[in-house]
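Please look over the chain below before reading on.

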Amino acid sequence: MILQITDGQQKQQIARQVLEALPEWFGIKQAREEYIADSVGQMFFAAMHNGQPVGFLCLKPTGRDTVELAVMGVCKEYHRQGIGRALVECACHQAKKQGFLFMQVKTVQMGHYPEYDATNRFYQGLGFKEFEVFPTLWDENNPCQVYVMFLGL
């Protein structure tokens with residue numbers, strides 16, 4: 001079940017629980033804490049299983065027509081069960097309802113880490129298209145791949 005969460009404290013609790021369970025992707029404490037703090041002001045969707053959060057996704061507007069999938073995480077034991085897809089589909093639906101035409105997401109470029117290669121394949125499988133690579137946006141060991149998706153009119 002996917003729920004839209006509006007309470008800031010609940011957003012932070014869910015984000016912390018999920019991100020801390022995913023050190024392969026969110027092992028840098030400073031970055032993880034920024035994601036958690038930023039979640040308060042963002043559209044927030046939580047995947048629930050037996051009343052417990054098992055994943056979440058945050059959206060933030062980046063322009064008049066574009067929203068960014070700012071952060072997303074699904075607990076590893078729930079990977080490959082359709083939860084990430086359900087989160088993205090719900091977020092796309094809500095973003096489109098609010099008048100956004102495009103969604104973007106940033107991740108580490110394919111070919112650098114196996115975990116992020118899986119992330120790239122996940123986004124590509126949902127219909128995101130490669131837009132641009134920023135080789136030093138984060139640092140030269142983590143080139144930033146930007147994907148975009150047209151949400152429709």
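What follows is a short report on a predicted model.

Glutamate 20 and arginine 16 pair through their side chains, with N to O at 3.1 Å. Both residues belong to helix 1, which covers residues 8–20. They sit 4 residues apart, about one turn of the helix.

Glutamate 33 is partly exposed, at 26% relative accessible area. Arginine 16 is partly exposed at 30%, and glutamate 20 is partly exposed at 43%.

## A link from helix 2 to a loop

Glutamate 24 forms a salt bridge with lysine 76. The closest N and O atoms of this pair are 2.3 Å apart. Glutamate 24 is in helix 2, and lysine 76 is in the loop between strand 4 and helix 4, so the pair ties together parts that are 52 residues apart in sequence. Lysine 76 is partly exposed, with a relative accessible area of 40%. Glutamate 24 is also partly exposed, at 32%. Returning to the bridges of arginine 16, shared partners join Arg16, Glu20 and Glu33 into one network. In general, side chains of opposite charge can pair when their charged atoms come close.

Glutamate 115 is found in helix 5. It is partly exposed, with a relative accessible area of 28%.

## The largest pocket

Which residues lie nearest the centre of the largest pocket? They are Trp25, Phe26, Thr107, Tyr116 and Thr119. In total, 47 residues line this pocket. Its volume is about 1,500 Å³.

Several elements give two or more residues to the lining. The helices are helix 2 (23–26), helix 3 (29–38), helix 4 (83–97) and helix 5 (114–126). The strands are strand 4 (66–74), strand 5 (102–108) and strand 6 (129–139). Helix 5 gives the largest share, 9 residues.

How many disulfides does the structure hold? The number is 0. The sulfur of cysteine 90 has its closest cysteine sulfur in cysteine 92, at 9.4 Å. A disulfide needs the two sulfur atoms within 2.5 Å, so 9.4 Å is too far for a bond. From the side of cysteine 92, the closest cysteine sulfur is that of cysteine 90.

Are these two cysteines buried or exposed? Cysteine 90 is partly exposed, with a relative accessible area of 24%. Cysteine 92 is buried, at 12%. The cut-off for buried is under 20%, so cysteine 92 falls within it at 12%.

Phe102, Phe150 and Leu153 make a nonpolar surface patch. Its area is about 370 Å². Leucine 153 is placed in the segment after strand 7, which spans 142–150. Leucine 153 is exposed, with a relative accessible area of 85%.

## Positive phi in two loops

Which residues have a positive phi although they are not glycine? Asparagine 50 is one of them, with a phi of about 50°. It lies in the loop between strand 2 (43–49) and strand 3 (52–61). At 71% relative accessibility, asparagine 50 counts as exposed.

Arginine 80 is another, with a positive phi of about 65°. Its place is in the loop between strand 4 and helix 4. Lysine 76 lies in the loop between strand 4 and helix 4 too. Arginine 80 is exposed, with a relative accessible area of 87%.

Technical notes. Residues numbered from 1 in each chain as written. Predicted model: local features only at pLDDT ≥ 70, side-chain atom pairs only at ≥ 80, totals over all residues. Heavy atoms only, no water. Patch = residues over 30% accessible without salt bridge, like charges linked within 9 Å, V, L, I, M, F, W, Y side chains within 5 Å. Areas by Shrake-Rupley, 256 points an atom, 1.4 Å probe, with all protein chains shown as cover. Salt bridge = Lys/Arg side-chain N within 4 Å of Asp/Glu carboxyl O. Buried < 20%, exposed > 50% of the residue type's maximum accessible area, 1.4 Å probe, protein only. 1 Å grid on protein atoms, 1.4 Å probe; cavity = no way out; pocket = protein on both sides within 12 Å on 5 of 7 lines; lining within 4 Å. Points joined across faces, edges and corners; volume = space filled by probe spheres on them.
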